[in-house]
Amino acid sequence: MQLWLIPVLPLAGFLINGLFGRRFSKGAVNAVAIGSVALSFAWVLKTILALSPLAGAYSEHYFTWIRSGIVNIGCDLAVDRLTIVMLLVVTGVGAVIHVYSIGYMAHEGGYYRFFAFLNLFMFFMLVLVLASNYLVMFVGWEGVGLCSYLLIGFYFDKKFATDAGNKAFIVNRIGDFGFSLAMFYMVKNFGSLDFATVFKQAPGAPEATLTIIGLLLMLGACGKSAQLPLYVWLPDAMAGPTPVSALIHAATMVTAGVYMTARSWAIYAHAPAAAETVAIIGIATAFFAATIGLAQNDIKKVFAYSTVSQLGYMFLGVGCGAFSAGIYHLVTHAFFKALLFLGAGSVIHALSGEQDLRNMGGLRKKTPWTFWTMMCAAVAIAGVPPFAGFFSKDAILLAAHHYAPWMYWLGTITAGMTAFYVFRAMFLAFFGEYRGHEHPHESPPVMLVPLAVLALLSIGGGFALHVPEFLGTAGGEEDRALMAISTAAGVMGIALAWLMYVAKPALAESFAASMRGLYTLVYNKYFVDEIYGAAVVNPLVGGSRAVLWKGVDVGLIDGAANGVGARARNIGSILRLMQSGNIRSYATWVLFGSVVLIVAMGIVGGLR
Amino acid sequence: MTEVPISWFLTLSAVLFVLGVAGFVFRRSVVTVFMSIELMLNAVNLSFVTFSYQLQQVNGHLFAFFVMVVAAAEAAVGLAIILTVFKNRATLNIDDVDSMKN
Amino acid sequence: MDSFIVISLIKAAVVFAALMATLLYLQWVERKVIAHIQVRPGPYRVGPHGLLQPIADVIKLMTKEDLIPPYVNKPLYLAAPFIAMTMALFSISVIPFGPMIEVAGYKTFMQLTDLNIGVLFVLAVSSMGVYGIALAGWSSNNKYALLGGLRSSAQMISYELPLSLAIAAPLLISNTLILRQLVERQAGSILEWNVLHGPFPQILSFLIFLIAGFAETNRVPFDLPEAENELVAGFHVEYSSMKFASFFMAEYANMITVSSMAVLLFLGGWVAPWPARYGSSLVPVAIFAGAGVVALYHGMHPGHRRDRRTLPVFGAAFLAMAAVFLLPAVQAWLLPLFWFCAKTGSVLFTFMWVRGTLPRLRYDQLMGFTWKFLFPVAFADLLATGFLVAWFG
Amino acid sequence: MDVILFLIFAIIAVVCAINVVVQTHPISSAISLVGVMGSLAVLYLLLGAEFIAAAQVIVYAGAIMVLFVFVIMLLNAGAESKHGRSLVAQLLGAPLLVALLGLLAYFVERLYPRGVSVRFGGFTHGTPLDIGRALFTTYLLPFEATSILILIAIVGAIVLAWKEID
């Protein structure tokens, strides 16, 4: 079925644009970039049609990559139902966002570079998704990290963008470290990295082993999917262009951790401690990030924390054993969060770069398309039935209730807060009086059409796509009461936002004033960056400086090196006589060396 | 005795090789030095072909062939370098080309 | 073993004698051809129609003072004509003139020696020929000679590439490096010759081979090493007497080699253009008889007083030749020899024709022509032939 | 017969090689080197390496050495100048050379005390057919690599000599 075509098509786009894009017109760059992704999407559809109904996994072996002792790792790609869901999301949403980028990036420098990186990202993401063993997956995993770095730092002439790129990369390294350790551990215990082999052996393995692997994998997932405590890079990653935020930092790459955890479900199923840790980290992240989101003024930051929070939901789902619910939420989240980001991008575009909510307002009339499409997404994320977010969030909360009721309640509170901060952003941006100075204008159709497509998916994606059924693990029986509670929480959040930001704007001020301490804490994101700075980065830097640099490096290594160097200089001043610059002398030394070598070989070889 | 011992060929090869080294070490003309290198390559080729005979395999011939190709490439570039050196320094004496010394 | 050595010695003697005579008279033929192209009679004084001119030349060259200029590099100066001559004659030794024949009960090939790598041998030896010229130019200690030697070495290296590529193309079809097999695989009719062979006629290779051959033999329009109006006489300006003659003979011997190679590679060697059963064996008879009749007729109506005696003699000789060709006993070896000589002669005539027609190239034109035109074309031709052979073969 | 042939051409080769080293004039060395190559070609034939023998003459003697002669003539290189010296080469050179030759000869004699003898016709796999077959199957990658190498060398030579053309 030529699965390799799916990732290789965007790779070809990357190579063409990357190598020759500088000479291309924008039209040609567009054609290559979007054409490659669209073809890839088409090939995904063809693959699905050809393979349906896909009960098990279909895999293709291309070549043996590493053969060392018992380890035999091939370059294999595989498709099963989970992969299909991911493929559709990645290529589908990816294609839509590519189209959107035409409009958004129209006036930016480095046009071809942007699309080349975007295509490269698609390649690695598809490799990640299609991989049939952990190592190939890791290739994609690292590759998307690289592309994320490149695209966050896309405006590389701005310091904050490159800093954000570095931060993302370094924080991800911590997670990747966990992933690598997990792989080594797997090789040690299972002698293989193939999904099939590992998962077949998992039930018989000792629980401690599985727990260690599960926790290490979770560390990797936390890094990639911005979970506590490694979430700090994602809000900063908003320094990149908005389509990047939508594609990489909302819809696809950050969900790789969820995908990987869901993929490794067989391991977690037999390591309840690890699964519980995943669930706890998920719910904690969801709640924690949602509280930060309440007080942010940068529109993209709000959505970034929202993403962290929603990813927490997905982990909650996966950790509770309802991995299909997690994936379900992943899919719907890809729709509405991408839409929110693209809408935010449209707003930013309309305001020529303004991102602060306090300088917006009243845009409902000026940019109606953007408003209405974003509203679809806002409603969806708030969990209002029958929009997409409702179904998936409900599935997760249901699973959480079965798993541990306190998680359900915390999740419901978080849902309320989610509704509140999203609508707070919506109301601040689209209602009231316009508080900015630019002249807002509606975005071009090439940006609005993707918005509309995603809006349709946000509206209907929930009940049209039954991901859990497709994955063959339909959740438990519906619980009307729980459903009503979580819906009510969402509606209350919306209502509260309406009250505070539309009906009585003064209320928000007084509320913030009355709870100044808490507000400051939340507004400053719990000072996590500062705490990390004080607790990890500064000691590390200071310690490195004091001990490693001044002590070990200067004293020991430099001392040794200088000492060696000084001796070498002494010896060299004698040997320098050999370096006469005379070629014939050199030739004589070569001759000398070869004579010595022949003698040595003769002696070693036992020829006397 | 109508057959030649194989060691004779190898000894001839060794003699030629040593003569090439001698040319490299003792001659001052860059061109002659370069030719000495060719002489060494030829000597090595002879032993390749001899080994090929001994092992009754064609591989040695291919090595010799590749040596020739590389020698051709080397001659083209080397002579171009000699031309450039001569143009810049107006000398072919290898002992005069020693600016790496300082 | 003994008979092999004896036969080889006899063959060597025969070939050497025939070759020397040919070399002598080729010069006469060339002078005559050029003269007629330029509408003048050419050598006419010594012997009938200047037929004894070569002999007179030989006597002249041999009796001339053998001058060795001072300040020449003597060993190389003396070696150069020897090298040129040796290399020129060397390659003749593998050229087959005809099929296997039986003489006095001994079967032998009309060829001095048969090598598995005949084609490569000819290439190798001809590539060595440049040393004679280059060394002559250098050792003469004369700037004209040096320029001639320089030019010839650069020219011969450069033209060897298209030459080799042009040789490679028919070899792809014939699939052998043995010269005799090369001819045997072209047997049949003119349509089997490599120049017209099957779906991939080698006309282009043939032309490239001829052009490169002109350059390899330093012939007009590529006679820059000895361009007399620029370099006086080029590389052999300091040579006189028999040494000078050696270069001259070497050049003609090279011409013969190149022509024979062209015949062997492209024109089917000693094979008749159409099978004997359609009367190809009568062609030489017809030619010689016709020539005899024409000679006799002109002897009856002489344009010159001397012709009254000489032309009838020639006519009679030609008729006798025609009669010899009718003898079945001789036909077996004489007919192939005739065809080989006829084809080689035509190619040689082309050499002379070109010399009488084309002007000399400038040096940069010469180099540019081979590197920028001939070499790429030869390469493309070889590539195309390779694909065609792979496709149809 | 084979022994006589070998001895004749081995002696020619050695004498020519000595001449390469001893002659003060580069062009004499070059001609002597051609002599070495020619006699080696005959020895290759003796060893059954028909193709290599032909290639030896065509490539080495017919192309590379002509290039040498051409450059020597172009630079009008005279006899080499005597100035400049390498103490190391003068002191160590000769003993080391003797040592190298001694070692090589010793090992050859030790490893091949009465190894296979060479007889003309004793190896028949050196035809162009065999070489070509091996070249385009087993050694295809090196073959292509050398073709790239040649291309690079051509470009390099042109670039290096470009100033000469101006």
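Let's start with chain D, where buried residues make up 43% of the 166 residues; buried means that 20 or more other C-beta atoms, placed from the backbone, lie within 10 Å of a residue's own. This is a predicted model, in which local features need pLDDT of at least 70 and side-chain atom pairs count only at pLDDT 80 or more, while totals for chains, interfaces and linings use all residues. Residues are numbered from 1 along each chain as its sequence is written, with chains lettered from A in the order in which they are written.

Chain D has 6 helices and 1 strand, both taken as DSSP runs numbered from the N terminus (H or I, at least four residues, for helices; E, at least two, for strands). Read from the N terminus, the order is α-α-α-α-β-α-α. Among the contacts in chain D between residues at least 6 apart in sequence, 63% join residues at least 24 apart; a contact here means C-beta atoms, placed from the backbone, within 7 Å.

Chain D also touches chain B, in a contact that takes 66 residues from chain B and 78 residues from chain D. On the chain B side, α3(B) gives the largest share, 22 residues. That side divides into 44 nonpolar, 15 polar and 7 charged residues, where Ala, Val, Leu, Ile, Met, Phe, Trp, Tyr, Cys and Pro count as nonpolar, Asp, Glu, Lys and Arg as charged, and the others, Gly among them, as polar.

Helix α4 (residues 118–128) and helix α6 (residues 143–174) of chain C pack at about 170 degrees, with their axes 12 Å apart; the axes are lines fitted to C-alpha atoms over the stretch in contact, and angles run from 0 to 180 degrees between N-to-C directions. The two are therefore roughly antiparallel, a term for angles over 145 degrees. Val119(C), Leu123(C) and Ser127(C) of α4(C) meet Glu160(C), Ser164(C), Ile167(C) and Leu171(C) of α6(C).

Terms used: Parallel < 35°, antiparallel > 145°, perpendicular 65-115°, else oblique. Contact = placed C-beta atoms within 7 Å. Buried ≥ 20, exposed ≤ 12 C-beta atoms within 10 Å, placed from the backbone.
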